[in-house]
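Here's a walk through a two-chain model, one piece at a time. Keep the 3D view open and follow along.

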Amino acid sequence: MFVCDARKDEKRGVKHEAEKTLIELKNAGFTYGGREILSEMTLQLQPGSFHFLTGPSGSGKTTLLNLCYQALLPTTGMVRVFEQDVRAMTRDDIARVRRRIGVVHQNCQFLDHLSVRENLALPLAVSGRDDDLHPSNVDDLLGWVGLTERGDALPPELSGGERQRAALARAIIMSPDLILADEPTGNVDWEMAQRLLALLVELNKMGKTILIATHDLNLIRTVKSEVSARVLRISNSKLQLAGADL
Amino acid sequence: MERLRSLMDIFNGDGNADRVVPPSGFTARLTSFTAASMAFLAVFALALSLATGRLAARWDAELARTSTIRISAPEGQMAAQSEAVLEVLRTTPGISSARVMSDAEQRKLLEPWFGPDLPLDTLPVPRLIEVLEEGRGPDAAGLKLRLAAEAPGAVLDDHTRWRRPLVNAAMRLRILGVVSMLLIAGSTAAMITLAAQSALAANGQVISVLRLIGARDVYIARAFVRRFTLRALIGACVGTGLAIIGVLFMPAAAEEGAFLTGLGFKGWHWILPLLIPPLAACVAFWATRWAAFRTLSRLS
């Protein structure tokens, strides 16, 4: 499988100190339009950990993920990403941090005028890692997510499951330290959902930190035997049952 | 340094950055058309400005070197006063030559007003003496005093009275030309800014995806800036080319046509319109860059 390893970053002079905590929320809250969506969130994501984030629709799972990759800033409390306070980050800092976070959205966003292969290579291109932009690297990744034959297709031509796998492939092409997935199996059948989950478990075994937001408890149970995952639940704007192992 | 690199990237190109923004036909055509139109107008404004500048300089130089003495005297004293005036002028420093204008020359001067068959000998027309000056010219006040003493019917007209308003008018036309060029540059910047903002708004999804995967604002802006700068450059080249052809076909400067026929470029001034396309590209570069960063700063 294709991996942009940390040694390449070191060669480029980019040094990532080994962080003890990738994401840290301390009494973080988020209010929008007078409604308190999240409150008093306290959470730490350690390197190599696997977390599920559950809760009913509208409970704030997506908002929490947005706080984790600085799409939103907390209205109260503190959020630290790779040990940096998000409030102190410049826009360039946020861009650099996002290169270390792979995000898989439920409604996978692609550039519809570019092929799947070009979409996958986009994170490498925008970060200036042109030496990793070798076609074979992208093809390896396409093969890993089972999209070898669909590399030249345009995103609107893909099925829901193919889009989810392509989004996962794009999320990991930079070999990020952290993968945030928001309902990654929301639009696919059970078989495809298991297949996507297996890919995420494989990434976790490679040392990647995973946080998956899902309301599908069956999905969580399927990985019980394969990985030690923690389940976090958002209820009444608050994070509960943190630390409950499956 | 970052900005200089951005400027160089316009011409070096970045295949990836170019491709991330989908083709936008309408804004492309709008930008090119605007740049072409504005460049066309700028060439003529430049030509107007340069022509009026030349005209002002020419009028100033020609009128400053000559003056006229008008003698109004009874028929019997005209010859004597003319001779007295010439004698005064011969001994006045700053005058290279002076001569009494012939009847034919005076008739030609009056022809535009009275027609070709003017009976000059039956009319009480003053005698005119044309004076050519040298160096810094004569002391006008002193000369007037001497003329008053030697030839009471002689009046010195050193052309200052009507030279100044003419030169002032030409200079104001020149300023008008410069202001027109500044307005053209400002309008170009405004229209390209609007077109860029429209393109940025239409590509909200693209920008959102690029930010999600860690693109810096400068990378996103570069894709738009390069596109708009090149469109403006190409449009301005076309507009400038057409305008130069138009200027080439303008009638050459002629005495009878005066100002209107001298509207063109002379000598090294032909280089100036060639600067309009790069200047238009610079305006487009800064306008798009400003619009892009302003729009991006509002997005998460």
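## Chain B at a glance

A quick note before we dig in: this is a predicted model. Let's start with chain B, where buried residues account for 35% of the 300 residues. Chain B has 11 helices and 4 strands. If you take its contacts between residues at least 6 apart in sequence, 88% of them join residues at least 24 apart.

## The nonpolar cores

The largest nonpolar core holds 123 residues, and B:Ala39 and B:Ala280 are the ones that touch the most other members. Helix 9 of chain B (residues 217-248) gives the most to this core, namely 14 residues.

What is B:Ala280 in contact with, once its neighbours within four places in sequence are left aside? The list runs B:Ala35, B:Met38, B:Ala39, B:Thr188, B:Ala232, B:Leu233 and B:Ala236.

## Helix 8 of chain B

Helix 8 of chain B covers residues 204-212, and its buried residues are B:Val206, B:Ile207, B:Val209, B:Leu210, B:Arg211 and B:Leu212. Just after helix 8 of chain B you'll find B:Gly214, which takes a positive phi of about 95°.

## An antiparallel sheet in chain A

Now over to chain A. Here 4 strands form an open sheet in the order 2-1-4-5, with antiparallel pairing. Strand 2 (35-45) and strand 5 (84-85) of chain A are at the edges with a single partner strand each, so one side of each has no neighbour in the sheet.

Strand 1 of chain A (residues 23-32) pairs with strand 2 of chain A over 7 bridges, in the antiparallel sense. Look for A:Leu25, which stands opposite A:Leu43 in strand 2 of chain A. These two strands, 1 and 2 of chain A, form a hairpin with 2 residues between them. In the turn sits A:Gly33, with a positive phi of about 60°.

Why is strand 7 of chain A (residues 178-182) largely enclosed by the rest of the structure? Because 5 of its 5 residues are buried. In a regular strand, side chains alternate between the two faces of the sheet. In strand 7 of chain A, A:Leu178, A:Leu180 and A:Asp182 point one way, while A:Ile179 and A:Ala181 point the other way, and all are buried.

Strand 7 of chain A has parallel pairings with two strands. Strand 6 of chain A (residues 101-104) pairs with strand 7 of chain A over 4 bridges, in the parallel sense, and A:Val104 stands opposite A:Ala181. Strand 8 of chain A (residues 209-213) runs parallel to strand 7 of chain A and is joined to it by 5 bridges; here A:Leu178 stands opposite A:Thr209. Together with helix 7 of chain A (residues 190-205), strands 7 and 8 of chain A make a right-handed β-α-β unit.

## Where the chains meet

Finally, the interface: 19 residues of chain A are in contact with 17 residues of chain B. On the chain A side, helix 3 (91-98) and helix 4 (116-126) each supply at least two residues. Helix 3 of chain A has the largest share, with 5 residues. By type, the chain A residues that touch chain B divide into 11 nonpolar, 3 polar and 5 charged.

How values were computed. Residues are numbered from 1 along each chain as its sequence is written. Chains are lettered from A and ligands numbered from 1 in the order in which they are written. This is a predicted model: local features need pLDDT of at least 70, side-chain atom pairs count only at pLDDT 80 or more; totals for chains, interfaces and linings use all residues. Two strands pair if DSSP finds at least two bridges between them. A residue is buried if 20 or more other C-beta atoms lie within 10 Å of its own, exposed if 12 or fewer, and partly exposed in between; C-beta atoms are placed from the backbone. Two residues are in contact if their C-beta atoms, placed from the backbone, lie within 7 Å. Ala, Val, Leu, Ile, Met, Phe, Trp, Tyr, Cys and Pro count as nonpolar, Asp, Glu, Lys and Arg as charged, and the others, Gly among them, as polar. A nonpolar core is a set of buried Ala, Val, Leu, Ile, Met, Phe, Trp, Tyr and Cys residues joined through C-beta atoms within 7 Å. A crossover is right-handed if, with the strands pointing away from the viewer, the path from the first strand over the helix to the second runs clockwise.
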